[in-house]
Amino acid sequence: MSRAFAARTFTTDKGRTMKPSRLMRLAVAAIILAALVPGAGAYREEKPPALSSDDAAIAREKAVWKAAKEQDQATFDALVDDDARMIFTSGIMTKRQYLDTSSDRKITSYELSDFQVLTPADDTLIVIYNARISGVFHGKPASYSVREASVWVQREKGWVAVLNQETPM
């Protein structure tokens, strides 16, 4: 600060005089307070809340598996976004294609393990895990193990899966 500026005093609307150094300290304190106190920033954009825990994210993933095994299309439809893609060794499917071909597969059992949950943004999470699946696929019995990754995003209707990828182990 220049000496001329530092020597000046300012008068508040209540008639108090303040030196620039005190005014600066108050301004910095107000900025810090606005950054730290929830709701203090008048223009802070509210983000949707993340899932409350890794357990909630894992529970949603397990619910998709249960719906697939039981061929519960209503639950699957509620948990998986309309624009979702599923990547299998046989190719890429849309949600509609998956539901339309559900009679081609019958999951008899599955085991899910080694879950990891990543949260790259408040409205996005990635669930990574291992799966062991047994069933009848296109009329033939099969068992296989894969590494799975699912991407979940929060939409107006809630959390939905938008991408699932299976990688053979």
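Biologist: How much space lies in the largest pocket?

Modeller: About 680 Å³. Keep in mind that this is a predicted model.

Biologist: How many residues line the largest pocket, and which lie nearest its centre?

Modeller: The lining has 32 residues. Nearest the centre are Phe88, Tyr98, Arg105, Tyr144 and Glu166.

Biologist: Which element gives the most to that lining?

Modeller: Strand S3, with five residues. S3 covers residues 80-88. Other elements supply at least two residues each, including helix H3 (54-70) and strand S8.

Biologist: What classes of residue are in the lining of the largest pocket?

Modeller: There are 19 nonpolar, seven polar and six charged residues.

Biologist: Now cavities. How many of 30 Å³ or more are there?

Modeller: The count is one. The largest cavity holds about 70 Å³ of space.

Biologist: Which residues line the largest cavity?

Modeller: Ala67, Ala68, Gln71, Asp72, Gln73, Phe76, Tyr98, Leu99, Ser102 and Arg105. Helices H3, H4 and H5 each give at least two residues to this lining. By class, the cavity lining has five nonpolar, three polar and two charged residues.

Biologist: Let's switch to rings. How many aromatic pairs does the count come to?

Modeller: Five. Take Phe76 and Tyr98 as one of them. Their ring centres are 4.9 Å apart and the planes meet at 15°, so this pair is stacked.

Biologist: Where in the chain do Phe76 and Tyr98 sit?

Modeller: Phe76 is in helix H4 (residues 73-79) and Tyr98 is in helix H5 (residues 95-100).

Biologist: Are Phe76 and Tyr98 buried or exposed?

Modeller: Phe76 is buried, at 4% relative accessible area. Tyr98 is buried too, at 10%. The cut-off for buried is under 20%.

Biologist: What about the rings of Phe137 and Tyr144?

Modeller: Their centres lie 5.7 Å apart with the planes at 65°, so that pair is edge-to-face. The cut-off for edge-to-face is over 60 degrees. Phe137 counts as buried at 16%. Tyr144 has 28% relative accessible area, so Tyr144 is partly exposed.

Biologist: Which residues form an aromatic cluster with Phe76?

Modeller: Phe88 and Tyr98.

Biologist: New topic: Asn164. Where does Asn164 lie?

Modeller: In strand S8, which spans residues 158-168. With a relative accessibility of 13%, Asn164 counts as buried.

Biologist: What does the side chain of Asn164 make a polar contact with?

Modeller: The side chain of Ser150, at 2.8 Å. Beyond four places in sequence, Asn164 also contacts other residues, among them Glu61, Arg85, Tyr129 and Glu148.

Biologist: Last one, Tyr110. Which strand holds Tyr110?

Modeller: Strand S5. Tyr110 is partly exposed, with 25% relative accessible area.

Biologist: Which residues does Tyr110 touch, beyond four places in sequence?

Modeller: Lys62, Trp65, Lys66, Lys69, Arg132 and Ile133. The Tyr110 side chain reaches the backbone nitrogen of Lys66 at 3.4 Å.

Biologist: How far apart are Tyr110 and Gly135?

Modeller: In sequence, 25 residues. In space, 8.7 Å from C-alpha to C-alpha.

Terms used. Residues are numbered from 1 along each chain as its sequence is written. This is a predicted model: local features need pLDDT of at least 70, side-chain atom pairs count only at pLDDT 80 or more; totals for chains, interfaces and linings use all residues. Side-chain values use heavy atoms; hydrogens and water are left out. Helices (H or I, at least four residues) and strands (E, at least two) are DSSP runs, numbered from the N terminus. Buried means under 20% relative accessible area, exposed over 50%, partly exposed in between (1.4 Å probe, protein chains only). A polar contact is a pair of N or O atoms within 3.5 Å; within protein, one must be able to donate a hydrogen and the other to accept it, and residues adjacent in sequence count only if both atoms are side-chain atoms. Contact means heavy atoms within 4.5 Å. On a 1 Å grid over the protein atoms alone, a cavity is a set of points where a 1.4 Å probe fits but cannot get out, and a pocket is an open set with protein on both sides within 12 Å along at least five of seven lines; lining residues have an atom within 4 Å of a point. Grid points are joined across faces, edges and corners, and a volume is the space filled by probe spheres set on the points. Ala, Val, Leu, Ile, Met, Phe, Trp, Tyr, Cys and Pro count as nonpolar, Asp, Glu, Lys and Arg as charged, and the others, Gly among them, as polar. Rings of Phe, Tyr and Trp (its six-membered ring) pair if their centres lie within 6.5 Å; planes under 30 degrees apart count as stacked, over 60 as edge-to-face and the rest as tilted.
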